Amino acid sequence: MTTHERKIAAAIDEAKLDKLAEVVVKVGLNLQEGQDVFLTAPVTALAFVRRIVEHAYKAGAGLVTPMLADEQMTLARFRFAHDASFDRAPGWLYEGIGKAFAANTARLAIVGDNPMLLAGEDPAKVARANKANSIAYKPALEKIAGFDINWNIAAFPGAAWAHQVFPQDEPDVAVAKLSDAIFAASRVDKADPIAAWAAHNAALRSRTQWLNGQRFAALHYTGPGTNLTIGLADGHEWEGGASVAKNGVVCNPNIPTEEVFTTPHAHRVEGTVVSTKPLSYQGTLIDRIAVRFEAGRIVEATAAHGQDVLRKVLETDDGARRLGEVALVPHSSPISASGLLFFNTLFDENAASHIALGQCYAKCFIDGDKLTPEQIAAQGGNTSLIHIDWMIGSDKIDIDGIKPDGSRVPVFRKGEWA
Ligand code: ZN
Ligand code: ZN
């Protein structure tokens, strides 16, 4: 470690980092005795990964297999790799990952690398590489999307990411501020983080129970630039906080999490909607998105910034133009209250109500684990290689629930639960 690196590492509260590692293992994954773990992380998160591995083995893990990625190596590919390589992905690796998931291996992803890493690279190459990766990863990803196993995503405050969020600050100050924001959002600043998560999960469960009892046919959003009706999938189910994977383990897939979410009907979305926060997508900031839906399909799409990237995303496949998720987050959520743009979906999607283009979650259906892909599609569930969340909530958005008989129930007023 250089002096500079040591100074940055010292900016992160070690006790809280250790608590976050424990929360990831015990609340995020709820790792079971003897269960294997496959984890991915950026090399910058090494200190965090070591703590996670320690907590995992203390919790009785079988085998923990880490795979670390390095930004310089990623950039080397985009700068020097043969053109044909951008249509390829290590299929053998994804095949192995799929086999691990099929054998009940828990999945942990640590994020925290530079959100703008690929900003200077050729967008066409980035799109090709992403597509090749998505295709190769699809069989394994379906086991995550289908919630076959317990999985979790959590974050580490990498220096490049911290600089993106706090560009005015010295590197160590930026890392200290971002780590504090992550620790607060992840509830490890509380005396007993595990108990704090139990209380938070109970609060989210009361929201999902109310929404599931209402059996809304659609949600109607109104606000500046937005007049959108999102039909909900037949037999949809609201989820949020902790939920049960098909392997029977109750886990928290996202740390932090503030959302309750369900599956929209892929063919029943009408009207216009604008984004309320920029979307950081693979190194590009897509800002002020405005789209119009007809029969569930985006027929017009513009963005004040990053429009080319948005258009490429929409061209991925037919499902990329349709919705796979609708999520409600009050404007007063702690992440929203921080006022920060994190340039990271895990955080930014928990700052505001959002929708996602692309793949739906089978879990967000009543008895979703028993439905075939054909049944899910028949009930309105969307299929795509992508799943991209973007924010449409603010303190100016009202949302009504529409019952099958057309009657309306206030759900959100000025961005808060009605
Ligand atoms: Zn979401
Ligand atoms: Zn999502």
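1. The two zinc ions. The zinc ion (ligand 1) and the zinc ion (ligand 2) lie 3.3 Å apart, and glutamate 325 coordinates both. The model is a predicted one, in which local features need pLDDT of at least 70 and side-chain atom pairs count only at pLDDT 80 or more, while totals for chains, interfaces and linings use all residues. Residues are numbered from 1 along each chain as its sequence is written, chains are lettered from A and ligands numbered from 1 in the order in which they are written, and side-chain values use heavy atoms, with hydrogens and water left out.

2. The site of ligand 1. Glu259 (OE), Glu325 (OE), Glu349 (OE) and His354 (NE2) coordinate the zinc ion (ligand 1) at 1.9 to 2.3 Å. Donors here are N, O and S atoms within 2.8 Å of the metal (3.2 Å for Na, K and Ca); water is not among the atoms, so sites may look incomplete. The four donor atoms subtend angles of 78 to 150° around the zinc ion (ligand 1), which makes the arrangement irregular. Four donors count as tetrahedral if all angles lie between 85 and 135 degrees; four count as square planar and six as octahedral if opposite donors are over 155 degrees apart and all others between 65 and 115; anything else is irregular. Along the chain, the donors of the zinc ion (ligand 1) follow the spacing E-x65-E-x23-E-x4-H. The pair of glutamate 325, in strand 15 (residues 323–328), and glutamate 349, in the loop between helix 12 (345–348) and strand 16 (354–358), links distant parts of the chain, 24 residues apart. Helices (H or I, at least four residues) and strands (E, at least two) are DSSP runs, numbered from the N terminus.

3. The site of ligand 2. The zinc ion (ligand 2) is coordinated by Glu325 (OE), His387 (NE2) and two OD atoms of Asp389, at 2.0 to 2.6 Å. The site of the zinc ion (ligand 2) is irregular, with angles of 54 to 144° among its four donor atoms. Its donor residues are spaced E-x61-H-x1-D in sequence. Glutamate 325 lies in strand 15 and aspartate 389 in strand 17 (residues 387–391), so the pair ties together parts that are 64 residues apart in sequence.

4. Are glutamate 325 and glutamate 349 buried or exposed? Both are buried, and glutamate 325 and aspartate 389 are likewise both buried. Buried means under 20% relative accessible area, exposed over 50%, and partly exposed in between (1.4 Å probe, protein chains only). Strand 17 is mostly covered, with four of its five residues buried.

5. Five strands form an open sheet in the order 7-10-15-16-17, with antiparallel pairing. Strand 7 (239–240) and strand 17 stand at the edges, each with a single partner strand, so one side of each is left without a neighbour in the sheet. Two strands pair if DSSP finds at least two bridges between them. Strand 16 and strand 17 pair over five bridges, and histidine 354 has methionine 391 in strand 17 as its bridge partner. Strand 7 is joined by two bridges to strand 10 (residues 260–262), where valine 260 stands opposite glycine 240.

6. An open sheet of four strands has the order 2-1-3-4 and parallel pairing. Strand 2 (64–69) and strand 4 (151–155) are the edge strands, each with a single partner strand, so one side of each is left without a neighbour in the sheet. Strand 3 (residues 106–111) and strand 4 run parallel and are joined by five bridges; arginine 107 stands opposite tryptophan 151 in strand 4.

7. Domains. The domain assignment gives domain 1 (3–185) and domain 2 (216–239 + 259–417); such bounds come from an automatic or database domain assignment. Taken over C-alpha atoms, the centres of domain 1 and domain 2 are separated by 25 Å. In contact (heavy atoms within 4.5 Å) are 27 residues of domain 1 and 21 residues of domain 2.

8. Isoleucine 149. Where is isoleucine 149 placed? Isoleucine 149 sits in the loop between helix 6 (123–145) and strand 4. Isoleucine 149 counts as buried because its relative accessibility is 2%. Leaving aside neighbours within four places in sequence, its contacts include Phe101, Arg107 and Asn247. Isoleucine 149 and lysine 246 are 97 residues apart in sequence and 6.2 Å apart in space, C-alpha to C-alpha.
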